[in-house]
Amino acid sequence: MPVVSIPREEAHAIFSFLGMVASLDLAGSSDGTKELLGWKPVQDGLLADLEQGHYFTK
């Protein structure tokens, strides 16, 4: 599927609320979740997991 850049106004017209949210520059962190739920991740992070290569083999 080809990917093209479209102006913010056009994205909002096409995707409505989702277009507005996707255009925001939002930083995210798991720190709040860790604190609120006592979550302590024990597995590899996403990038380390992807580097193992097993997702892309047949």
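Student: Why is Leucine 50 called partly exposed?
Tutor: Its relative accessible area is 31%. Buried means under 20%, exposed means over 50%, and partly exposed lies in between (1.4 Å probe, protein chains only). Leucine 50 is therefore partly exposed. This is a predicted model: local features need pLDDT of at least 70, side-chain atom pairs count only at pLDDT 80 or more, and totals for chains, interfaces and linings use all residues. Residues are numbered from 1 along each chain as its sequence is written, and side-chain values use heavy atoms, without hydrogens and water.

Student: Which helix holds Leucine 50?
Tutor: Helix 4, residues 46-51. Helices are DSSP runs of H or I with at least four residues, strands are E runs of at least two, and numbering starts from the N terminus. The chain has four helices and zero strands. Its pattern along the sequence is α-α-α-α.

Student: What makes the nonpolar surface patch of about 590 Å²?
Tutor: Leu46, Leu47, Leu50, Tyr55 and Phe56. Nonpolar side chains (Val, Leu, Ile, Met, Phe, Trp, Tyr) are joined within 5 Å, like charges within 9 Å. Leucine 50, at 31%, passes the area cut-off.

Student: How does the radius of gyration of the protein chain compare with a compact globule of 58 residues?
Tutor: The chain has 18 Å, whereas such a globule would have near 10 Å. The radius is taken over C-alpha atoms, and the globule rule is 2.2 Å times the number of residues to the power 0.38. Buried residues make up 5% of the 58.

Technical notes. Patch = residues over 30% accessible without salt bridge, like charges linked within 9 Å, V, L, I, M, F, W, Y side chains within 5 Å. Areas by Shrake-Rupley, 256 points an atom, 1.4 Å probe, with all protein chains shown as cover. Salt bridge = Lys/Arg side-chain N within 4 Å of Asp/Glu carboxyl O.
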